[in-house]
Amino acid sequence: MIHIKNLSFHYKKKSPLFNDFSLEVESGRIVGLLGKNGAGKSTLLNLLAGLSQPTQGEININGFVPFRRNPNYLADVYMVPEEFAFPPISISTYIKAFSPLYPNFENQKLNNILEEFELQPTSNLNKLSHGQRKKFLIAFALSTNCKMLVFDEPTNGLDIPSKSQFRKILVSSVTEEQLIIISTHQVKDIDTVIDKVVVIENGKIIYQENIYEITQKLYFDLVPSLTGVENVLYHEQCPLGHKIIVPAMNGNESSIDLELLFNAIINKKI
Amino acid sequence: MNSNKFFSFSRFYRLLSNDILLNHKKYLLTIAGAFILGFIVIYLYMPNQVSPYPNRRFDASRYTNLFIPCLFGLAAFVGSSFSELSSKIKISNYLLVPASTFEKFLSQFTIRVIAGTIIFLVVFWVDAHLARIAVLSRIYGIDGHLAGPEKYDYIEKFHFSMLLLKIRYPVITNWRLFEGIGYILTFFSIGMFLFSVKIFFRKLGLIKTGISFVATFFLIMVVLMVCFSHLFFPETKGFNIANIYYLLSNGYYNNDIFQYSIAYLAPLFLLPLGYFKLKEKQL
């Protein structure tokens, strides 16, 4: 579980990015961390992983303070960064070198995911395309069975079938003890997998809600015209008419359009 | 206190295995390169002909002349420690490897400094003997023909003790040993600067290390000399230095002892400094 209390952080010679930031997230969730460019998403992920030290306040994850980089904590956290580098070795050598460092690593799970992603263990990592390397990193991350997995823009560089595979594999491999945090701009790629949305702007949480509660409160619809539609909280024009968000009435539920929700939040309509 | 968070043998072993699996080709190539290059350098440096002049013998001082430049090769290897800290992307990967900072530090020290030095010494020893055998098989005598048995004395067999104890003084005394250890610790001190260069400087590491090494050495010298001047010569004013340069009964000058002492003690500070810098490293 993540417990952040009164967190402040700023980079050297820069204005504060987080000021009195607090957040609580329980395990067993897939959290979508959304925000505009420069909102502080990647920095928050770095703080959670222990790569940066808070200026003030406290972060506690499963009883550990991340920046102390206790090896038992690091063995239970895996981060898939937006940019990454591999040594010039084969997939199988990488697995042999790094899997022993993660006590809960599951080779069978990795083999299944690699098969699904159509990756050969004999391939040299540096000869694969960016998307293939990212798929390998995702496969490796999921196979570590770490209690916290952090993904920074995981679907960047993936082709359309791979994005769908990613969603399928993610949902099927995550357990109740794990906490997954996905930071992304490509909200459509993850809207069917997350069960909590956190939106940050200028270092503050401007929205956080579980998906279930969102569907209880808001109704997402597509209407040919806005005429006669009441209580529209937010709308966007699209080729088929208007995408709208209205209050959910009489227990009606709809699929969440995460991009529409995000735009509504950013425009302070919700 | 839970010591497992600082050090665990099994985790350390896994970390070493990880490093060797990732870099074994690089290490093997480095050893092979050092072996071939070392042999060529020593072979070419050895004479073609026995000289009638006794001071031309290939003895301890000649081996020392070879050994010291070869140390630059070891320095380059030690200086490539913590290569994972050369870019932001690699730093995050390295910091998130599930091992304690101490284990990461110790694994680099074990591979780059301890194993590197042992392999360097073995390679130098083997190269020196092979080069000697190769040269002895074709060395000419004073008369222009292949040399006789005198050639075995002319090119001495290499052994490490000749580097330390027979540099200038054939008689071993405690103070000569002290000087020999002083050389080793000075090399170790420079090695420690090179070892931790990437922890402190991501770019232009070697240049910055060189500058900081010289600056630190002189800073310590100057600060201590000023302090001692005020302590032992109360009439000293400001940053003036009062110093008496005198010969000790053991044949050393007092200031030499002072400089050796700094060289002896520097590594004690550098290693913990590098460790804490790594521990506090951020993106």
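Guide: Start with a term. Domain bounds here come from an automatic or database domain assignment. Keep in mind that this is a predicted model.

For chain B, that assignment gives domain 1, residues 1-170, and domain 2, residues 173-283. The centres of domain 1 of chain B and domain 2 of chain B are 25 Å apart.

Now look at where they touch. Domain 1 of chain B puts 23 residues into the contact, and domain 2 of chain B puts in 17. Which elements of domain 1 of chain B give two or more residues to the side that touches domain 2 of chain B? They are α2 (60-79), α3 (88-95), α4 (101-136) and α6 (161-165) of chain B. Of these, α4(B) gives the most, with seven residues. Sort the residues of this side of domain 1 by class. You get 14 nonpolar, six polar and three charged.

Next, turn to the contact between the chains. Chain B gives 18 residues to it, and chain A gives 25. On the side of chain B that touches chain A, α1 (9-45) and α3 of chain B each give two or more residues. The largest share of that side comes from α1(B), with five residues. By class, the side of chain B that touches chain A has nine nonpolar, five polar and four charged residues. Note that α3 of chain B is named in this contact, and also on the side of domain 1 of chain B that touches domain 2 of chain B.

Cross over to chain A. Its two domains are domain 1 (2-202) and domain 2 (212-266). Their centres, taken over C-alpha atoms, are 30 Å apart. Each domain of chain A gives seven residues to the contact between them. On the side of domain 1 of chain A, four of these are nonpolar, none is polar and three are charged.

Finish with the sheet in chain A. Strands of a sheet pair through backbone hydrogen bonds, either parallel or antiparallel. Here six strands form an open sheet of mixed pairing, in the order β5-β6-β7-β3-β8-β9. From one strand to the next, the twist averages 15°. Look at one pair. β5(A) runs parallel to β6 of chain A (residues 148-152), and four bridges join them. In β6(A), A:M148 is the bridge partner of A:V77.

Definitions and conventions: Residues numbered from 1 in each chain as written. Chains lettered and ligands numbered in written order. Predicted model: local features only at pLDDT ≥ 70, side-chain atom pairs only at ≥ 80, totals over all residues. Pairing = 2+ DSSP bridges. Axes fitted to C-alpha atoms, helices over the stretch in contact; angles between N-to-C directions. Contact = placed C-beta atoms within 7 Å. Nonpolar A, V, L, I, M, F, W, Y, C, P; charged D, E, K, R; others polar.
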